[in-house]
Amino acid sequence: MMKGLKKWRLFSLLAVMTVFLSACGEEYITTLKPTGAVGKEQFNLLLFSIAIMALVTIVVSVLYLYAFMKARRSKLGEDYMPKQVEGSHTLEVIWTVIPIILLLILAVPTLISTYKFADVKAMDKVDEEGNKTALTVNVTAKLYWWEFEYPEQGIVTAQELVVPTDEKVYFNLKAADVKHSFWIPAVGGKMDTNVENVNKFYLEFGEESADLKDGVFYGKCAELCGPSHALMDFKVKAVDRNEFNDWVAAMQATEGATASAESTDLGEQTFANSCLMCHAVSGVGASGAMGPNLTTFGDRNRVAGVLEHSKESLEEWVKDPEAIKPGNLMTGKYGELSDEEISAVADYIMGLSIEE
Amino acid sequence: MSSAAVTNKKGFGATLWDYLTTVDHKKLGVMYLFAGTLFFAIAGFEALLMRLQLMIPNNDFVSAGTFNELLTMHGTTMLFLAATPLLFGFMNAIVPLQIGARDVAFPFLNSLGFWLFFLGALFLHLSFFLGGAPDAGWTNYASLALYSPGHGIDFYVLGLQISGAGTLISGINFIVTIITMRAPGMTFMRMPLFTWTSLISSALILFAFPPLTVGLFLMLVDRMFEANFFDHTMGGNTIIWEHLFWIFGHPEVYILVLPAFGLFSEIIPVFARKRLFGYSSMVFATILIGFLGFMVWAHHMFTTGLGATANAIFAVATMAIAVPTGMKVFNWIMTIWGGSVKVTVPMLYALGFIPSFVAGGVTGVMQAAAPLDYQLHDSYFIVAHFHYVIVGGIVTAIFGSMHFYWPIMFNRALSEKLGVWTFWIFFIGFHCTFFIQHFLGLMGMPRRVFTFQADQGWDLFNFISSIGAILMAIGVILLVINIIITAKSKPLNCRDYWGDGRSLEWAIKTPVPFYNFKQTPLVRGYDPYWLEKHEGNKEGMIYAEPLGDIHMPNNSILPLVMSIGTFVAAFGALYHPDGKAWAIPVLILGLAITVGAMIVRSVKDDLGFHVHVEEVIATEEHLYGKGGNK
Amino acid sequence: MEETKFTPQTWPDKPEQATMEGKNKFVGIWIFICSDITLFASVFATYLSLKDKGPAGMEFSAASLFELPLAFVMTMLLLTSSLTSVYAMYHLKNHNFKGVQIWMSITVLLGLGFLALEIYEFYHYVHLGFGYTQSAFSSAFFTLVGTHGLHVVIGLVWIVCLIVRNARRGLSLYNAPKYYAASIFWHFIDVIWVFIFTVVYLMGVLG
């Protein structure tokens, strides 16, 4: 009997532990295994506040359970008449002052971090030659995709943000249509992209993303923005500075690249006729495109932010975008394409790559 | 009219007419309660559909567009059309009894408030049948709301405008009632805590609803009459909506939770058989929460980009609210401390409320830390937090008080046995649904997503959460069954059903006659009924006046007519942007009905009527048998 | 109670609060005004944040649009009407029903004058091309001043109803609180206008 009980206890303990461990989530999206200074600082604040709050909860629970256990009428008898107490000034003072002290303790790191995270002065710093010293990315959130412009480098990409590790990366955030919110949970907190003003903040990417499951961090839209809000994902590739510079150079080298309607390749031809008015295939440029820049499409991780990166998914997407992302702005923008054309254009798009 | 109380059975038509025209606070309380329960069930069903959709990854149980409509209507309905009227139901039914009044200060306005609320709610729900419900979230952020096609948002704006007007009117009514209509001896510091919290909550309505009215109006003219408040290409600014909405929206939470606090402050002393600990500090804490509630709205906008200083100020102000709330929790615990606790169903809810609400409160403080909130904001952590506060605080209060006050409101008692089952199933389901969602949020799951991909580590917890939602639904169904069974049970015809009643509402016999106390009671201290009981007063109370004629207000159909006018006008406004020729005439017709009814109301004398002494005695005999006050 | 005939001697000092209903109305109108203040505060805040905001290259601005003389005349009309309603309340307390009716009527006339000027002003702006839908600024301006205008209309209808319905009934404790509440509302409208004059016109013209 006792043994059975013990076993049961062990089992339930294990079950609780499993749930608890899995409660940390996947490395590439959870806030509980953060990378980089911003995410880590926010995580520390989380632990610190949980500690204080756990203390409060435990004290309250103990008092509450003790009070209740001692005061049950089933124990005291039906006729027991408690003393009618009005209150106690001493107690009132105690439970006013102690919470105030606890909150003050929590307020200090809160205020420090609030000002620290809002400090984007370094964005405008320039070296002797007048070049900006920090990397800035202009993020434009659109229904339901993300555009990333690197103004100093003169390049633009979409859906997959590429950033160097171990340095502050500054972001200018704006929405083109409705309000969205830019969030990379594993790297740090979010900031809204408003329609009428540019929000600025910074993040730090502490480790390269190559070792992660998909080789990327997951990014999310965190503000309800329409039917496909849930599907407005982006990915973040964090690489070391040298690799980043190479990537920038490769992007800059695509200057002038375009698709030709005269091409003998059916895919390129179709692309030029049906896609090119919205989708650029050159990484050089600025934000403001109708559709995501596809220069690096072949190097990406997902089709349309959520589908598996394969030709089949791409064909599926081109055939009927509405079925995958309801409310998207691509549906109906290009004429009917035959299966042959779709297959060819998918091949063409999958072949767009700047990586060797 | 005055003889209506004495007549026995009335036909269905007469009963219906009676309810359509009534200005009696008790009947309106019942109407609020049932309307609230109806909308609670609808919104709960919407929640269940959402949880079923999110039970497994990549589910296609409901479509993306439908899901957004469900989440919008769930939030909007629960806050405006379920929690508010349910609490108003208790406020209407109980507050006048608690202060020993015959009725509220403006019985006519009380009825108008109800009908505006009800027709506004009805209008909003018609959207499901007329081209789609609103889909921009209950917060209805301006850029998305302006972008949203169809009439969904228009239904939201107009429906809430109408029902909001009703809420505001009721709020004013309660403030005036509590200020002017207290029985002799009922000083402010002798008022029961539910009356206090109703007063403060009404004051919050007074200051919180006008910004919403303005916000809704701006949205209305932007969408229907081509104004440019939120169109940034024309110089507009969508952040104005966020501010106006949250200046309303944050106090709204306190508008709901304060009466819930009040209800628990009534329940706990009765079942602990002990005076509420620290009454004056409870009153002080209530006022302080109400006051601070207006200083913290921007904590909903930490990620909007208001700047470090604004975030810092609002972070600290938000943390400060934890202090008076903590005071309340400790006072409840100390009320239990050294008492004699009888675990009835209302007390079960109160006992379940304390830890649940503390859990919801501490996560609230965590979000007050702005930099941490950058991670938590708009994630499932928030969803978990506010459900802990709203379900753990407000819904438990409503369910508990249903059991607690059913004897006074309906002269029948809800089944305790079924109640215990309801409580446990609902309570376990609630924690199962929402506790796990804290972790989902921390694991990176944004809120308001209609589906999620399988590879993100969220599958198990979403599944558990959905199971919890099913349990909660079963709990609510049991409660409804309980209500139906109870309707057929024997009337109680008693006084002080729970045996340890303390405040005035327990001094009155059930069924409560339409004029409440036949003589206005004299209040000699805090917990007046307890005081009289323990001084051996068999009469129940000492009375401040001799038995005499009672002056009562007339019933009126005009509140319903006025509300129908706004309802009609709303259709005109709604279809105006479609270029329908009849839209503007309908709008004018509707407003004409409302204004016409108002003019009729103000031109006609309405002096009420007198119930003569003989009639009072006859009524008492009819209700309680010969011997009257036995 | 309602049949009692009063003389100036038996008429209570505070006729507006002599009955329970009167007291409720008295408290109620004040509470309502508290709420209306928040309403105006929200509209003012909206106006201030959208002042001079419009599509790129908008030609209208507060400084170029508003003219003080007209606004000044409107202010004077409304301030005077507030004063005349005070006279009416003075006569109310002295049980002089004729005085009440006359001074309330003058209040209405002054209010109508104000309203006529406001309509003229709006017409003038629309004529200039500064219509409701022209810009965020125009929407905010018309909403703020229009909300006040709507309050004036409501106040006028209310007072006219009182004057007409009580013309034969005479003064009683039943309608005294009604007059009193209407006059408090009228003062409130006046106070709001002073803020509009300051914030919209004075601050607008001064830049």
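Let's start in chain A, where strands S1(A) and S2(A) make a hairpin with two residues between them. Strands here are DSSP runs of E with at least two residues, helices are runs of H or I with at least four, and both are numbered from the N terminus. What you're looking at is a predicted model, so local features need pLDDT of at least 70 and side-chain atom pairs count only at pLDDT 80 or more, while totals for chains, interfaces and linings use all residues. Residues are numbered from 1 along each chain as its sequence is written, and chains are lettered from A and ligands numbered from 1 in the order in which they are written.

S1(A) covers residues 135-142 and S2(A) covers residues 145-150. The two run antiparallel and are joined by five bridges; one bridge pairs Lys142(A) with Trp145(A) of S2(A). Strands count as paired when DSSP finds at least two bridges between them. S1(A) also runs parallel to S5(A), residues 168-175, with seven bridges joining them. Here Asn138(A) has Asn172(A) as its bridge partner. S1(A) itself is mostly covered, with seven of its eight residues buried. Buried means that 20 or more other C-beta atoms, placed from the backbone, lie within 10 Å of a residue's own; exposed means 12 or fewer, and partly exposed is in between.

Elsewhere in chain A, an unreviewed UniProt entry annotates residues 45-69 and 90-112 as "transmembrane region". UniProt positions follow the numbering used here, feature names are shortened, and annotations may be inferred rather than shown by experiment. In the model, residues 45-69 of chain A are 100% helix, with their end C-alpha atoms 35 Å apart. Residues 90-112 of chain A are also 100% helix, and their end C-alpha atoms lie 34 Å apart.

Now for chain B, which has 19 helices and four strands. Its radius of gyration is 25 Å, close to the 25 Å from the globule rule for 630 residues, so chain B is as compact as a globular protein of that length. That radius is taken over C-alpha atoms, and the rule is 2.2 Å times the number of residues to the power 0.38. In chain B, 66% of the 630 residues count as buried.

Finally, where do chains B and C meet? On chain C, 29 residues are in contact with 30 residues of chain B, contact meaning C-beta atoms, placed from the backbone, within 7 Å. Helices H1(C), residues 20-50, and H5(C), residues 136-166, are the elements giving two or more residues to that side of chain C. H1(C) gives the most, with 15 residues.

Note on methods: Contact = placed C-beta atoms within 7 Å.
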